[in-house]
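Hi,

Here is the structure I promised to pass on. My notes on what turned up follow below it.

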Amino acid sequence: MSAALQGTVVLNGQFAHELPELSIAWKAEPTPEPNLLVLNTRLAGDLGLEAGWLRSAEGLGLLTGTAVPEGATPVAQGYAGHQFGSYSPRLGDGRALLMGELRGPDGTLHDLHLKGSGRTPFSRGGDGLAAMGPMLREYLVSEAMHALGIPTTRALAVVATGTTIRRDTALPGAVLSRIASSHLRVGSFQYARAQGDVDLLRRLADHAIARLHPEAATAEHPYRALFDAVVSAQAQLVAQWMLIGFVHGVMNTDNMTISGETIDYGPCAFMDRFDPAALYSSIDAEGRYAYRNQPVIAEWNLARLAEALLPLLDDDEDQAVETAMSSLRSFRDQYSAAWSTGMRGKLGLAPVDAEVPEAPAVVDDVIALLQQQGVDYTTFFRRLGAAARGDSDPVRSLFADTAAYDAWAAAWSVLEPDADLMDRTNPAYIPRNHLVEEALAAATAGNLEPFGELLDVVTDPYRERPGLERYASGAPEDFGPYRTFCGT
């Protein structure tokens with residue numbers, strides 16, 4: 001049965017019913033004047049949801065959590081987490097609700113999750129609400145990431161609530177409805193392990209296997225296979241972040257999914273000028289989650305998952321530790337392989353370079369060149385496609401030291417780069433930080449047109465179109481230093 005047919009919505013409560021120890025049944029706060037700001041009609045169709053019904057009063061009730069379908073069990077999920085390296089044993093959904101699981105037309109389950117739906121027992125003194133700007137940011141960036149081919153949660157809608165919330169200033173409130181394969185996190189396993197209940201931990205792992213990594217169920221050691229699958233998924237994901245120049249900004253263990261999807265677009269940003277130390281989050285004072293640190297932090301987070309899983313890996317603790325370490329050691333090789341393959345694609349080179357010994361040096365040298373020259377990361381790779389076709393002036397103009405570029409380009413061109421591959425790999429458009437801020441400021445002031453235009457551009461990122469030059473340009477000189485905020 002599809003998730004919705006002419007307004008009839010069926011929400012499963014699989015997580016709530018199978019793992020009641022890890023959630024608390026809860027209701028969203030009322031929204032006095034709900035107003036639909038943006039609806040992802042294509043995603044709605046993929047889920048079997050009727051877009052016209054979602055725009056109705058009843059549909060808006062679903063999207064804000066104030067109208068719960070019969071039989072549904074909305075819950076605030078509990079999880080723990082290491083936040084900036086410090087362990088918090090009880091975090092959880094402080095401003096969010098898992099409404100339940102939607103079964104799409106293909107039979108696949110998807111979480112329907114709300115952000116900004118009000119205070120829960122996990123709020124820890126917060127108001128549980130969300131401002132319009134951060135919710136629109138998550139909608140915009142998550143849909144851009146999806147268009148770039150990067151695993152991510154998806155945005156279904158943002159609904160203004162008609163409430164005013166207080167941050168540094170008074171801001172309009174909103175609720176984001178988010179779709180994911182699952183909202184299981186590393187922190188979910190940390191929370192279960194902290195209960196000291198091995199049966200609960202096992203049931204959580206079995207739930208994760210059935211929902212996300214079913215191939216592990218038939219493995220000789222299913223729980224090791226589960227951990228291996230998460231290691232592999234995260235190695236691939238973070239490599240894709242690095243290749244596109246994305247900085248997540250808050251890689252706490254409660255923000256790392258078991259599915260390998262990007263989640264929680266708070267203080268995130270895309271690099272303009274290439275800088276390994278790029279950091280945008282206003283709350284990351286020490287630079288823990290800077291661009292260059294993301295692979296290291298992912299590995300560190302996976303080690304915390306391994307610690308949580310130890311009772312399932314072997315009855316002998318020493319053997320369990322060795323099993324976990326053996327699996328964890330594969331992360332670096334998998335990440336390096338994914339990054340190297342992806343970077344060769346960005347440079348238009350064949351995926352396997354065993355017969356092209358010069359390729360690794362060309363890759364290493366281009367990273368050093370971009371860092372030394374402070375070149376716009378996205379613009380460089382996009383214009384390099386033109387150079388592969390014989391027109392090097394656009395990319396060459398990016399360099400103050402053209403001799404350094406010419407020396408590198410001479411070695412690169414010998415490898416006969418594939419320009420068409422480069423155009424399929426290197427986007428013309430990303431959510432440029434200055435344009436994102438411009439669009440969010442306008443939307444908060446009541447004008448959604450810039451947001452809609454930017455969304456249209458970044459959700460079709462590889463097809464270069466005339467008249468959109470400003471969307472492909474780097475930040476103006478007077479923009480920055482740029483800082484982002486989580487919105488809580």
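Two strands count as paired if DSSP finds at least two bridges between them. Helices (H or I, at least four residues) and strands (E, at least two) are DSSP runs, numbered from the N terminus. Before the details, remember that this is a predicted model, where local features need pLDDT of at least 70 and side-chain atom pairs count only at pLDDT 80 or more, while totals for chains, interfaces and linings use all residues. Residues are numbered from 1 along each chain as its sequence is written, and side-chain values use heavy atoms, with hydrogens and water left out.

Strands first. Strand 10 (residues 154-166) runs antiparallel to strand 11 (residues 170-180), and nine bridges join them. The two form a hairpin with three residues between them, and threonine 164 sits opposite proline 172 of strand 11. Strand 10 also pairs with strand 4 (residues 35-39), again in the antiparallel sense, over four bridges. There, asparagine 35 has alanine 160 of strand 10 as its bridge partner.

Next, a helix pair. Helix 6 (residues 186-194) packs against helix 7 (residues 198-211) at an angle of about 155 degrees, the axes being 8 Å apart (axes are lines fitted to C-alpha atoms, for helices over the stretch in contact, and angles run from 0 to 180 degrees between N-to-C directions). That makes the two helices roughly antiparallel, a label for angles over 145 degrees, with under 35 being roughly parallel, 65 to 115 roughly perpendicular and the rest oblique. Contact means heavy atoms within 4.5 Å. By that rule Ser188, Phe189, Ala192 and Arg193 of helix 6 meet Leu200, Leu201, Leu204, Ala205 and Ala208 of helix 7. Sorted by class, that contact has seven nonpolar, one polar and one charged residues (Ala, Val, Leu, Ile, Met, Phe, Trp, Tyr, Cys and Pro count as nonpolar, Asp, Glu, Lys and Arg as charged, and the others, Gly among them, as polar).

On a 1 Å grid over the protein atoms alone, a cavity is a set of points where a 1.4 Å probe fits but cannot get out; a pocket is an open set with protein on both sides within 12 Å along at least five of seven lines, and lining residues have an atom within 4 Å of a point. Grid points are joined across faces, edges and corners, and a volume is the space filled by probe spheres set on the points.

The count comes to two cavities of 30 Å³ or more. The largest cavity has a volume of about 70 Å³, and helix 8 (residues 222-244) gives the most to its lining, with four residues. That lining has five nonpolar, six polar and one charged residues. The second largest cavity holds about 40 Å³, and its lining has six nonpolar, one polar and one charged residues.

Finally, two backbone details. Glycine 480 and proline 481 are joined by a cis peptide bond, with omega about 0 degrees; proline 481 lies in the segment after helix 19 (469-472). Phenylalanine 84 has a positive phi, near 55 degrees, and lies in the loop between strand 6 (81-83) and strand 7 (86-88).

Cheers
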